[in-house]
Amino acid sequence: MNTQVSLDLEVMLETQGLCKYWGGLKALDDVSLQFYDKQLHGIVGPNGAGKSTLLNMLCGHYQPTRGSILHKGEAIESIRPWAFARRGIGRSFQKTNIYSGATCLENCCVAVQRRMGGNFNFLRSRYTQKVLDEIATEALEKVGLRHRRDVIASQISYGEQRQLEIAMVLATAPEVLLLDEPMAGMGHEESQLIIELLKKLRREYCIVLVEHDMDAVFELSDQLTVMVDGQHLTTGTVDQVREDTRVKEAYLGQGDEVF
Amino acid sequence: MTTSLFLVQLINGLQYGLLLFLIASGLTLVFGVMGILNLAHGSMYMVGAYLAWYFVEHTGSFGVSAIISAIIALLIGIFVERTLIRQLYRRNHLDQVLLTIGMIFVFNALQGILWGNDPLGVSVPESLAGAIPLTDVLEYPVYRIFVALLCIGIAAVMYFMINKTRLGMLIRAGESNREMVECLGIDIRKLYTIVFAIGVMLAAVAGVAAAPMSSIVPGMGEHILITCFVVVVIGGMGSIKGAFVAALLVGLVDTFASVLVPQLSSMMIYILMAFILLLKPQGLFSS
Amino acid sequence: MLFNKRTERIFIWVFFPLALLMPLFLAENAFYISKMTSVMIFALFVMSLDYLVGRCGLITLGHAMFYGLGGYLFWMIAPEYEAVNFWVYTFYICMIASAVALVIGFLVLRTSGIYMIMITLAFAQMAFYFFSDSIEFGGNDGLFIYVKPETSIFGLSFFNLDDPVHFYYLCLLSLFNTLVFFRLLIRSRFGRVVDAIHENPGRTTALGYNIFLFRLMSYVIASALGAYAGYLFTLQYGFVNPSMLAWTTSGSALVMSILGGMGSIYGAILGTFVYEGLHYTLEHLTEHWMLFMGALIIAMVMVFKNGIAGYMEKLLEKRS
């Protein structure tokens, strides 16, 4: 059953009957979703609902057991993991995943350089090309980390590291942003920063947001999908989902009071 | 190749494979449970052979010598684990490689100091001397059959220990989840000491068993170590069952290769390994 | 980054001028010249390994395969009784070694961690037995090189390889060039990706890099230089034998690299000189030098984790 409303926007990413089995365990079972350009699509659900599994397949980290993933209409589920990023599908990680020994600028430079070329230039110094630095700095600027440009990534605060994580994805110039719990482990004020950031970004990119912080998801999402036990429960606007009795049941059944 | 020659080679291959299993099982056990790659494992095989020679010279009895050697090996294992290996659990593979290379140097030097560098030999114990007829014209040494049976016996005991006893349960638990064992209130360090010591003892026992079959020379440890690597990698790191299957496979391939394709004989097992890793990068029985 | 530029600069300014002047004082003493030369050749080999293990995080126990290959290749492709051009053959050998490394790297780099340690070892052993078992390659005794190459470029010849001092300078130049090359490589944009992969391979893949390609490239570069070192060794002693590609050669190179300070590149020179120096001294003091060497290696793992380069930098930091 698909309650998803058809919008007058381009479908960037689409899954069709996506399944992932770990041995006998069905981590994800027959999920079909559409993600639209310039929309923020939230995905919520209790622990073990398959949200992260879904995200990990959308970015090519896992191979689906069955089903397909379409990017602008092309099936991409069998391409190599690194090719996803080249198609403009960028992701952030649930656990902070940065180059903690390098400066914030250098972190973003790695991301920018991929599309700027010269990766197999063995002799020319990496520090001579200013264009690269500028684009990387822009990415930092976007998430509000410009003042941390030359600080080693391991020395900035946890919240800033989460922002850096997003800056790195932005630096790859993606069309689709897959964000895996960007606010995990953050205090209220830090979360607020990320929310403001996402509000700015959601009209520029196709964003898929997996997040535990319900207030944040409700505030940000254009579309919202609820998942339970690896299955798609419902998709709709925030208000539609709020009204859905099955959603309440699913959450109450888990003893997880979020609504 | 005639049938009887084939038969002899088959038994030879199986017997060699079983001996390899004895050494490789210790290597894979230590890796599986403790995550330690012990390059000095071959040195323990060498130490076993030299100890066997030494005590045969002094007691005159192969049996007594074997028991004393095994006990000494066990003590060496406990000592090395307590003093050195223990520092390495949280370190990377590189440090493990280096430390155990250092240990090889030390063991080789001690061997030179204690026993010199001339080849030594242990004669087959009298009760196991002689040969049994296979066909009208062929016979097979009793001692080799004894070694094969001994290896099968030890493999059976290991199988029983790992699957049926409390220690075995802990070993299996330690392989899959270190934290869990600690949560059970068990001192994992004690478990590690025991496992390492058993691994060392297995290698030394193999050395003792091999002593009457081959000459005892410096460097014998490194040679067997590399062969055991091949066994462990083919079988899948940490898998005892894999080590058993792979050891027999390697034993047979090596034995038959030396008859059928002598010019490639020493390379054959490495070719086998490369081939298997291409098909299954984690080995045959990886967990 | 752990290793800072200043310590490196100090080292380079101390080591290379000293090495440059050394033959002036020791020209009479052929033994020391030849000893120094062989240590420098091995330092070049260790440097290539240091790049692979320390910078790329690819731990290999089979690097000696390329060291030996460099020697055997020269014997295979050079005519037996005719002096060939050194530079041309350097090119040939590096190219062939690269091609071999491309194939082997393609297989080896599919694995990682402990499996990679073991499979590199297996390939090296395969090569070892290939050469030591075949009569055509002289078996365990190896082969002799009767004629040394000449070194002219456009008719100008700076080095006469039959003269130990000339050969010494050629090796010193090679070592210096390799050091400079690796410094450039590390600073380059290629080096940026290599650093990124070393620190966080998963993240680098997520950013769209095919990390396999970069690892393969690094493997090929390090292997070609390893082969070059083996080629120099063969030219120095006029023979090639299987012990060059024994796993103990890889093992001791690894020890030297760690001793110097893994990943620091210049530390490879330091590590090799200190190791060989200790080896030489201990060997003369006692027959059982291996015992002390072993104890030293163990102590190194336990105490000096960042090698001599790391230790020196700590000292300098304290002073400043």
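Predicted model: local features only at pLDDT ≥ 70, side-chain atom pairs only at ≥ 80, totals over all residues.
**Stop one: the two domains of chain A**

Where they touch, domain 1 of chain A supplies 10 residues and domain 2 of chain A supplies nine residues. Now pick out helix α6 of chain A, residues 188-201: with four residues, this helix gives the most to the side of domain 1 that touches domain 2. That side of domain 1 of chain A is made of eight nonpolar residues, one polar and one charged.

**Stop two: the annotated spans of chain B**

Move to chain B, where an unreviewed UniProt entry places the feature "transmembrane region" at several stretches, including residues 6-29 and 62-85. Select residues 6-29 of chain B: you will see 100% helix and 0% strand, with end C-alpha atoms 33 Å apart. Residues 62-85 of chain B come next, with 92% helix, 0% strand and 31 Å between the end C-alpha atoms.

**Stop three: helix α11 of chain B**

Finally, select residues 265-279 of chain B, which form helix α11. At 1.5 Å a residue, its 15 residues should span 21 Å, and the end C-alpha atoms are 22 Å apart, which agrees. Show the side chains of its buried residues: B:M267, B:M268, B:I269, B:Y270, B:M273 and B:L277. What do the buried residues of α11(B) pack against? Display α9 (220-235) and α10 (240-260) of chain B, along with α5 (113-133) of chain C, and you have their partners.

Definitions and conventions. Residues numbered from 1 in each chain as written. Chains lettered and ligands numbered in written order. Contact = placed C-beta atoms within 7 Å. Nonpolar A, V, L, I, M, F, W, Y, C, P; charged D, E, K, R; others polar. UniProt positions renumbered as here; feature names shortened; annotations may be inferred. Expected span 1.5 Å × (residues − 1). Buried ≥ 20, exposed ≤ 12 C-beta atoms within 10 Å, placed from the backbone.
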